[in-house]
Amino acid sequence: GYLILLFYGRKYPFNILWLALFATSAILYIIKDFYASLLTSKGPRGAFLGSIAAAVTALVNLGLNLLLVPAIGIPGAMVAPIVASLAGMVVLLWRGRRYLNPT
């Protein structure tokens, strides 16, 4: 975010809430993708589950962007991937626990 401010200068509006939402979105995507990679290492079923979670994430993200951006603007474009990442993580945690159970 800071680099973008350097490129665009004072014409770019700085909003700490937007920056926090973008950072949260990026962190959640990384966490979800790490977990999906770990499941993929367990074999084809884990890879399939990672693909299902990616599809759920994409569909939720698209749907929420279509709903939230017109309704609340730029914050909607940041809330949508946060909720989508959480939906993908729910799929991974709900179905993936059995593949990564240490017992």
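A: I82 counts as buried at 12% relative accessibility, buried being under 20% relative accessible area, exposed over 50% and partly exposed in between, with a 1.4 Å probe and protein chains only. This is a predicted model, in which local features need pLDDT of at least 70, side-chain atom pairs count only at pLDDT 80 or more, and totals for chains, interfaces and linings use all residues. Residues are numbered from 1 along each chain as its sequence is written, and side-chain values use heavy atoms, with hydrogens and water left out.

I82 sits in helix α4 (residues 74–100); helices are DSSP runs of H or I with at least four residues, numbered from the N terminus. Leaving aside neighbours within four places in sequence, I82 is in contact (heavy atoms within 4.5 Å) with L21, T24, S25 and L28. A23 is 59 residues from I82 in sequence, and their C-alpha atoms are 9.8 Å apart.

N61 belongs to helix α3 (residues 44–72) and is also buried, with a relative accessible area of 18%. Beyond its neighbours within four places in sequence, N61 is in contact with Y29, A80, P81 and A84.

Helix α2 (residues 16–40) packs with α3 at an angle of about 155°, their axes 7 Å apart; axes are lines fitted to C-alpha atoms over the stretch in contact, and angles run from 0 to 180 degrees between N-to-C directions. The angle therefore makes α2 roughly antiparallel to α3, a label for angles over 145 degrees. From α2, the contact is made by Y29, K32, A36, L39 and T40, and from α3 by G46, A47, L49, G50, T57 and N61.

Note on methods
Helix = DSSP H or I, 4+ residues; strand = E, 2+ residues; numbered from the N terminus. Parallel < 35°, antiparallel > 145°, perpendicular 65-115°, else oblique.
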